[in-house]
Amino acid sequence: MLSKVITASINGMEARLVDVEIDVARGLPNTNIIGLGDATVKEAAARIRSSIIASNFDFPNGRITINLAPAWLRKKGSHFDLAMGIGILISSGQVSANKIKGFGFLGELSLNGDVNRCKGIMPMVKALRNSGIYKVIVPQGNFEEASLVEGVEVFGARSITDVAAYLNNQDNSLITKKDKPMKESIGVNSVAGGIKEFPLDYSDIKGQEHAKRAMIIAAAGGHGILMSGSPGTGKTMMAERLPYIMPPLTQEEILELTSIYSVAGLLDETRTVIRERPFRNPGTSVTVPGLMGSGVPPVPGEISLAHKGVLFLDELGERSRDIIDCLRIPMESKVVVLNRRGETYRYPADFMFVAATNPCKCGHYGDPRKECTCSAVELQAYRSKLSGPMQGRIDIHVELASPEFGELSGSKGKSSKEMREEIIRAREVQRKRSASGKCFLNSHIPESLIDDICKMDRDGEDFLGKAYDTMNLNPRSAKKVKKVSRTIADIEGEKLIGVRHLAEALQYREKNK
């Protein structure tokens, strides 16, 4: 008997419909899976057999052929198990086929018949919905993740027995929204459950008020920032506190992030939905594939995992130039494009780039308290790690110096709460100014709209014209100055960019250019 069950295949961040066709016929006992599946798919035959027998069903004693169509599409993953198992039960007459129309099936089977959680569930549920499948059975462990997708009725399954009983109208042990209300995850900006609103607060950093100002501007406009200073001046502390002052994620951003982390396999029972802005801090041993994404199909790298959050590279001068330069295109395009075996994969990469570096190898160049021991050759080699084009792509450059002793024992400076309030106000200005009604940040202003959005008064235009010549700016850096100036004006509630806004923005340009 021939049966057909609907599932999906994940390929990068994209997914598409897959028809699982099962034929149980007379012949020597054998299970053959065709349709360009990887090793995980081929191994499914053993898992499905043990799962069906352990669930007190009869495994057909004949020739079983399973086709995953379309046959030209590469299939990877264990989430095909449930669809293939249900298809075998239907073909052998143990489960009714009356209710499977309009259903999609996703899940890995264990040897005892349980349905285990899988990665990439959210993009596959979206693909099923977009293809006209509005009911999906997923593992119980993926239920909350899948339930975020609108327009789909999601059922959570504990075992293949539960699914079979539901299809046979014998019992309904599947989990639905009304059975299991969605729990609220605690994010970085939440105070629920006794969680401190700002577990890392900028008020803990004494002094460095100019650096805090730079952080406000960076977070308000989504600008990249490079901090330079001797060891112990607070560069890492500045970066670690940044996600806590950024506005909460929107529902659309939560869906995007959860999809990325689902594909990467970074969701589990304790972390089913991503509701906080990511802070990714890859170590100095990270490779280019680790940043961009690796594997076939590629697993999202650190750049994509920092989507809508912060990618922090500490000790920038200690990293290879290849590592630094691979960020250049994603910083501008906000997407990572990878080619593997003739196929192109695209991953979101709308991250805020934050980096910290020492001024030299020993870390004390320009430090009034300690003499630098680096030679001219060592100094040049250290600084050459950050190329001119890469420096030009970083909007804000700020230098941190060791605070005076009196500042350490003085009163606390600006707190994270105060900084966040300024940032939210500035982003609201940007949102209202956006024609789409969404908040596209000043750092994302399209080339065609820069002159319309970054309007300057007459004195400001004259001032920028003089700075363009005296500071040897180029067209790209001039546009960066305009965007940062626009953010400063938004923070201060000004409609036109003035001289003081431009002067502050120019202070944040790279000093050696």
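Strands β1 (residues 2–11) and β2 (residues 14–25) run antiparallel to each other and share 10 bridges; strands here are DSSP E runs of at least two residues, helices are H or I runs of at least four, both numbered from the N terminus, and two strands count as paired once DSSP finds at least two bridges between them. The model is a predicted one, with local features needing pLDDT of at least 70 and side-chain atom pairs pLDDT 80 or more, while totals for chains, interfaces and linings use all residues. Residues are numbered from 1 along each chain as its sequence is written, and side-chain values use heavy atoms, with hydrogens and water left out.

Two residues sit between the strands, and G12 takes a positive phi near 75°. As for β1, seven of its 10 residues are buried, so the strand is largely enclosed by the rest of the structure. Buried means under 20% relative accessible area, exposed over 50%, and partly exposed in between, using a 1.4 Å probe and protein chains only.

Further along, H397 belongs to strand β18 (residues 396–400) and is buried at 7% relative accessible area. Its side chain reaches the backbone oxygen of Q391 at 3.2 Å, and a polar atom of that H397 side chain also lies 3.2 Å from the backbone oxygen of I394.

R486, in helix α21 (residues 475–491), is buried too, with a relative accessible area of 2%. Leaving aside residues up to four places away in sequence, R486 touches R433, N442, I453, C454, K455, E494, K495 and I497, where contact means heavy atoms within 4.5 Å.

Terms used
A polar contact is a pair of N or O atoms within 3.5 Å; within protein, one must be able to donate a hydrogen and the other to accept it, and residues adjacent in sequence count only if both atoms are side-chain atoms.
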